[in-house]
Amino acid sequence: MGNDSFIAEGKAPPQRILFPMEKICMAWQRRRGAGAGLTNLGNTCFLNSVLQCLTYTPPLANYLLSREHSQSCRQQGFCMMCRMEGHVNSVLRSSASTVQPWAVVSALTRIGEHFQLGMQEDAHEFLRYTVDAMQSACLSGRSDWDISSQSTTVVHQVFGGCLRSRVTCLSCKAVSDSYEAFLDVPLDIQEDFVRPEQLDGENGYKWCEQLVTASKRLTIHRPSNVLTVCLKRFDAFSGRKISKAVEYPEYLDLGAYTSEAPGESLLYSLYAVLVHKGFSCQAGHYYCFVKSSDGQWYKMDDDSVGLCDIETVLCQRAYLLFYAR
């Protein structure tokens, strides 16, 4: 992420690059089969599924397998990156068929104060809190880095991107841009995320002290190396499951949805799919499908690890989708 990108998003250039983008390695550095399954330690299927998806995120796994973080970690006490480094090395380098993820489970309330061992939790919420805890660990607990520097950690270099919201007045064609950084993208499966939205009447856009009819469109301004998509399957008020079938491809070209040079290819490849089986976010079961470094797909269902084909992966009622460039 160069200085021009920060300036374009209305930010000052970072005072310090905490992890250079050129050190991110998107391809697996070593080919191996699937690693260990994870023991369910009491309603921990949500945690197990998220951990498996993160474990098979190539640029993150490459970094954690190198043990670079722990060799320079100065964090006092709890460090989520150290926990994840130990976990990923244990899963991918273990000769055992199953690993007990106590390193993460024992830190559940450190990851999120409201998480309770033995309670079913929402997998997307746990993912967000885990990534945030990893980000805090990369900052070594410091909050005095400027915002731009904070977005140069290994976590942001892997998962971070930026959306642009452009509002265009339909009368004078003037435009107003705003930017929003993301680590994952939640999509309302009841609506069209990328279709321009018309703002009129009481919902008109306030311009020059008056409401005008305008068009609003979201585009990808700065693409992330890893794109995590949450298909919002739970009603915000009742928690009931939305079981609508949503098609998703193995290869995703987002070139038509970028702010700059729309039409140029921006290709992502699917590497993990997390699924919820059940009727509400308070109950049910989570499992996932991951693509190992040997190119094979595996179904990860707690301690069960089984080979599967891409056709099976693509016909799921997915909750979380993980794509890598």
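**Note on strand pairing and salt bridges**

1. Strands β14 and β15 (residues 304–308) pair in the antiparallel sense over five bridges. Pairing here requires that DSSP finds at least two bridges between the two strands; strands (E, at least two residues) and helices (H or I, at least four) are DSSP runs, numbered from the N terminus. Y298 has L307 in β15 as its bridge partner. Two residues lie between the strands of this hairpin, and D302 takes a positive phi near 55°.

2. The model is predicted: local features need pLDDT of at least 70, side-chain atom pairs count only at pLDDT 80 or more, and totals for chains, interfaces and linings use all residues. Residues are numbered from 1 along each chain as its sequence is written, and side-chain values use heavy atoms, with hydrogens and water left out.

3. β14 (residues 297–301) also pairs with β13 (residues 285–291), in the antiparallel sense over four bridges. W297 in β14 stands opposite K291. This hairpin has five residues between the strands, and G295 takes a positive phi near 85°.

4. There are three salt bridges, each a side-chain nitrogen of Lys or Arg within 4 Å of a carboxyl oxygen of Asp or Glu. One joins R166 and D177 at 2.7 Å, N to O. R166 lies in strand β3 (residues 161–169) and D177 in strand β4, so the pair ties together parts eleven residues apart in sequence.

5. Another salt bridge joins R128 and D184, with the closest N and O atoms 3.7 Å apart. R128 is in helix α8 (residues 123–138) and D184 in the loop between β4 and β5, 56 residues apart. D184 is buried at 9% relative accessible area, whereas R128 is partly exposed at 42% (buried: under 20%; exposed: over 50%; partly exposed: in between; 1.4 Å probe, protein chains only).
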